[in-house]
Amino acid sequence: MPHSRTGSQASLLSYLRPYVRIYARPFLLAVLALSVEAACDLLQPTIMSRVIDVGVAGRNLHVVFSLGGLMLLVTAVGACAASARNILSNRVSQSLGAQLRGTLYSKVQSFTFEELDSFDAASIVTRLTNDVTQVQTFVNGTMRIFVKAPLVAVGGIVMATLLNARMAPVLFIVVPVVAVLIVLNVRTGYPFFRKIQAALDRVNGVIREYLAGVRVVKAFNRFDYETGRFASANRELADTTTSVMRVMSVFSPAISLTVNLGIVAVLWIGGVRVSRGGMRLGQVVAFVNYMTQILGSLMMISFIFTIFARARASAERIGEVMLLTPPPRPKRRVAADGSSASSPAAVPPRRDGGMSLRFEKLSFAYGGSGEYVLRNIDFSCGAGETLGVIGSTGSGKTSLVNLIPRFYDAAEGRVLVDDADVVGLDPSALRSRIALVPQKTVLFSGTILDNIRWGKEDASMEEVEAAAAAAQAHEFIAAFPEGYLTQLGQGGVNLSGGQKQRVAIARAIVRRPDLLILDDSTSAVDAVTEASIRRSLRSLKSRMTTIVVAQRISSVREADRILVLDDGEMVGCAAHDELMESCEVYRDIYRSQIGGGREDHG
Amino acid sequence: MAERRGEVPGPVPALGGSGMGGGRGPGGGARWLQGGAKAKDAAGTLRRLWRYFGPERRILLVVTVLVAADGCFVLLAPWLIGRSIDAMTGTVNFGALGAAAAALLASYLMDAAVNIGQLRLMAGASQRIVYGLRRALFDKLQRLPVAFFDGRSHGDLMSRLANDIDNISGTISQSTTQLMSTGITITGSLVMMLVLSPPLTLAALVTLPLVFLLTRTISRRTRVLFKEQQVILGSLNGHIEESISGIHVVKAFGREEASIARFAELNARLRDVGTKAQIWSGFIMPIMNVINNVGFAAVALAGGILAVRGMVTVGVIASFLSYSRQFVRPLNDLANIYNTLQTAVAGAERVFEIMDEAEEEPDEADAIDLDRPRGEVRFEGVGFGYRADVLVLKDIGFDAPAGSATALVGPTGAGKTTIVNLLARFYDPTAGRILIDGVDIRLYRRDSLRRCFGIVLQDTYLFSGSIRDNILYGNPDADESEMVRAAKMANADHFIRRLPRGYDSPLTESGTNLSEGQRQLLAIARAILTDPAILILDEATSSVDTRTELHIQEAILALMEGRTSFIIAHRLSTIRDADRIMVIDGGRIVEAGDHESLVAAGGVYARMYASQTGRST
């Protein structure tokens, strides 16, 4: 995972730039409205001081009335500005959040398998939900009050100074102290927030694993262990949150105390000045009012920074996904015909007879680990042929088929489909001609019909039923009371392992691919059913190439060609009879299955 | 004049708390959402939540006292400021001014101290509450039957454990203190205002009915919108969880576009409803501000008139203005608190929904320990269906003597795995009974029953952690040499040693580092290490190549010595040596006997054997 994390923290946020461009205008408009709102708020104490000093002190009711009216007018203007700002800010933050989430999601969808391998699924989910929300909350907050707070603070200081410059020194002491407190607040908070989000990832991770492996937990009676694991993740989250809240608990009372001490000072100094006639009573009241406003804004600013720290932690976590740079790719070789592979060529058109396939001196290692799982693989397979792949556990069978749809790209050598290097092909166009049934069955919630149509959205009911029949699934599906409309639970648990595999095969067949890859996908299907599946696939043979990865000789013996892998190397590639003659490993496998082989194994 | 509290929530934002509100919300199936989003019995739910606060209730009580004290200081300040102002009216009375200023100073200091104390206490208490709630929910999950998990969206459950609980704690801990301080401030301000000047109080309260009317109108709209927002959020989270978990398949089928389209649709709906909800609730503040200022102006006006007539002092007006602000502002807060409480209650209900699920039937009070089991297994007329209308097993009866090996074969979906599910009491049979060592398994304590099994399942399920952790999962007390021996028996040792970090190599969720077959070998090693009386291998070697399987076979054969074993396999080579082979089809035992006799009988088994070996019958 570490190989993919990029650069400095500033660059982790660079993905936000386009958003700044898009939303700058409405954002600035909102801030403008906010400024009007703030100005109106700031005028209030001054008007009030005039009510007291001119109206009340001068016993002039007319002034009291007209100033009261002015106050209402100012308020009304402020309210209009606030309403405009409210609409703008919510539009911007919600759209931005949605767009950010959408982009992030698309980004994840566009990841190569290698890139996906560098994140936990749980972590991606947290980033898509919780982290985006944190950023959204911050943006909304910025336009709601965060910008207003500094405006009111600065404005309050200016107004107060204008009101009575001699009082200003109080502010010159109070404000820097508060500033220091705010800086300290951010400095302490930020590292905690990253830890909190990471702890949240872990809590999610333990829950996910528990849910997926609940049978194993129960079978092994490992409740205590699971509880312990969960408790430690849970405890860490709680402890981190508690410590950040504890540390932060000092700051807001401290800020408020600082300003309040300023108020006491203003009152005392005000008393002295009033007695000397240097200041009027109303001005003291107004000054105190401004101090209160300044206090409110300073508290808000400190709060903003807290949220900012949190949002920044989240924004960076999003950035890690957005800016993921894949591990250095093997240098692209220039294709054999001299054409560079930099611009994806169109995928060769669909051929009715299937897809031809060739591996040329291919070696492959995962994620730059340097540890080759495939070495010097070289074979070809004609269109419409069936290729069997057999070999021991961990010999590289799955890795081999994963190279064809470009889930991974090989470091050395080439994979050619219909004589074109796959590296030059657009993966999605390439994959549209291929259907893969993975070793581990993944079905989605929804009906069986939905799941089969997943292979081809516009498949007619006839096509779906035909595919299910070919996968030997029609019969059991039809036996359900709701037939094809039977709902599957999470991951399709109410089907047996073999039934799930057959639905997955139907999903692949309905696609009418040029190349069908069955990656050990009948392991939970019984032999008789599997034989029937093989028969129906043979009848489709004329229109597609099939690769069957299998453990059982019986699954591949009728294949046109069987590729035998041993520890990442190709030790044979021929038809069954020929391999029985020439390939020791194959004979071993055969003996181990068909009988009599146990004694000479080893 | 210290008007804060209301606008400045603690470190955890209550602000825009409803955006994606901590991501609360159910995942996946809309089926469970309906119940979740509605606050059916808010009072009842809150009462129940209160009980979960447990020992923290005492701390909350202390916090209440502190908040009340804080409220008093907050109330005292404007009055003292008023006194200070009055001391300056006419000729400045420095004695009175000094006294008032000193009192103000003291009250501010006390206030800061009380606040720090309250925040710190609350930080600990609220996190302990979350911790406890999460733990309680996780413990509950451990007691739920497998059937529960089979029918639930994982995204939904995760969301409840992580987000809903977070939401509850955040909101409750903040809203309770807010509610308390709000209440104190409102009553206190009202009292102070009445004491200062009843006529001015009347002027200040002119706007009160308006406040109520507006809050009610707006929050009625927003409640509906927020609820809708949660439902959409739930589906969105469900979609995220599912499509990220299955992303390899999504990509293999080139379904990224479709997946993104679905996401975009939900995302857009969330944005639209969210925007509406936020805008409506956002209107409360500016409108309140207008009303506030109208009240402010009214007080200024009335105060001006009264002061001109000499009925109140300027100091009283100054104090009064602060109090009237303090009085109205918390009313805004109440609207906010109401909203957040509402979402917290909805979250709590989603949590309690799980808490109320029927647990695995508890062990009988007189349940016995299955100690030193011999391993005799007997099924008597066992019938079972996951759904009442679809029977998976019908009238299954057989005997497996201690130490015998029984193989279960048959087409997929015939009910083989179900037999294992019943034996391990993941499910209980709907008819008949299962006996181990002559006693109905329902009479054993579950943990002692399961301890006598070593199970290797179709799905391997390794956990994140090192390879060592995973092998030791079956028996954490085993020592290094025992662990290595188990790995060797499972034929896993050699590939583990080839990994860069050997037994300490971490297993990742995406797990590119191990093939499916290698994972199965680890699962087998894990089972070997438990040294069980009854061994269950459910397609344990389906992803292992046959030569490796031969190796393991030897190990398994050795392991089977002296243990009762059940083997489910499609590869008949695996099961040829079993003492008895039972062919299950359509939920019934259709044939039983050893390999030779079954082949000779020329029935289902003989046909299966022929199709697999390629030999014609």
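**Chain A as a whole**

Select chain A to begin: of its 602 residues, 57% count as buried. The model in view is a predicted one. Colouring chain A by secondary structure brings out 21 helices and 12 strands. Among the contacts of chain A with a separation of 6 or more, 78% are between residues 24 or more positions apart.

**Chain B as a whole**

Next, select chain B, which has 617 residues, 59% of them counted as buried. Its secondary structure consists of 21 helices and 12 strands. Where its contacts join residues at least 6 apart in sequence, 81% of them link residues at least 24 apart.

**Where the chains meet**

Now display both chains together. On one side of the interface are 153 residues of chain B, in contact with 162 residues of chain A. Helix H10 of chain B, residues 256-308, supplies the largest share of the chain B side, namely 29 residues. By class, the chain B side that touches chain A comprises 75 nonpolar, 52 polar and 26 charged residues.

Two packed helices are described by the angle between their axes and the distance between the axes. Here the axes of H3(A) and H10(B) come within 8 Å and cross at roughly 165°. Because of that angle, H3(A) is roughly antiparallel to H10(B). The crossing of H3(A) past H10(B) is right-handed.

**The six-stranded sheet of chain B**

Move to the strands of chain B. Strands of a sheet pair through backbone hydrogen bonds, either parallel or antiparallel. One open sheet has 6 strands, in the order S6-S9-S10-S3-S11-S12, and its pairing is mixed. Strand S6 (453-456) and strand S12 (588-593) are its edge strands, each pairing on one side only. On average, neighbouring strands of this sheet are turned by 15° against each other, direction ignored.

Within this sheet, select strand S10 of chain B, residues 564-568. How many of the residues of S10(B) are buried? The count is 5 of the 5, so the strand is largely enclosed by the rest of the structure. In a regular strand the side chains alternate between the two faces of the sheet. In S10(B), Thr564(B), Phe566(B) and Ile568(B) point one way, Ser565(B) and Ile567(B) point the other way, and all are buried.

Strand S9 of chain B, residues 534-538, runs parallel to S10(B) and is joined to it by 5 bridges. To see one of the paired positions, select Ile534(B), whose bridge partner in S10(B) is Thr564(B). S3(B) also runs parallel to S10(B), with 4 bridges between them. At this pairing, Ala407(B) has Ile567(B) as its bridge partner in S10(B).

Continue from strand S3 (residues 405-409) to strand S11 (residues 580-585) of chain B: the two pair in the parallel sense over 4 bridges. Select Thr406(B) here to find its bridge partner in S11(B), Arg580(B).

**The four-stranded sheet of chain B**

A second stop among the strands of chain B is an open sheet of 4 strands, ordered S2-S1-S4-S5, with antiparallel pairing. Its edge strands are S2 (393-400) and S5 (439-440), each of which pairs on one side only. Strand S1 of chain B, residues 377-384, pairs with S2(B) in the antiparallel sense over 5 bridges. Select Phe379(B) and its bridge partner in S2(B), Phe398(B).

**Two residues with positive phi in chain A**

The tour ends with two individual residues. Most residues other than glycine have a negative phi, and most peptide bonds are trans. Asn376(A) has a positive phi, near 50°. This residue is found in strand S2 of chain A, residues 372-381. Asn376(A) is partly exposed, since 15 other C-beta atoms lie within 10 Å.

Asp520(A) also has a positive phi, near 45°. It lies in the loop of chain A between strand S9 (515-519) and helix H18 (527-539). Is Asp520(A) buried or exposed? It counts as buried, with 28 C-beta neighbours inside 10 Å; the cut-off for that label is 20 or more.

Terms used: Residues are numbered from 1 along each chain as its sequence is written. Chains are lettered from A and ligands numbered from 1 in the order in which they are written. This is a predicted model: local features need pLDDT of at least 70, side-chain atom pairs count only at pLDDT 80 or more; totals for chains, interfaces and linings use all residues. Two residues are in contact if their C-beta atoms, placed from the backbone, lie within 7 Å. Ala, Val, Leu, Ile, Met, Phe, Trp, Tyr, Cys and Pro count as nonpolar, Asp, Glu, Lys and Arg as charged, and the others, Gly among them, as polar. Axes are lines fitted to C-alpha atoms, for helices over the stretch in contact, and angles run from 0 to 180 degrees between N-to-C directions. Angles under 35 degrees count as roughly parallel, over 145 as roughly antiparallel, 65 to 115 as roughly perpendicular and the rest as oblique. A crossing is left-handed if the near helix is turned anticlockwise from the far one by less than a right angle, and right-handed if clockwise. A residue is buried if 20 or more other C-beta atoms lie within 10 Å of its own, exposed if 12 or fewer, and partly exposed in between; C-beta atoms are placed from the backbone. Two strands pair if DSSP finds at least two bridges between them.
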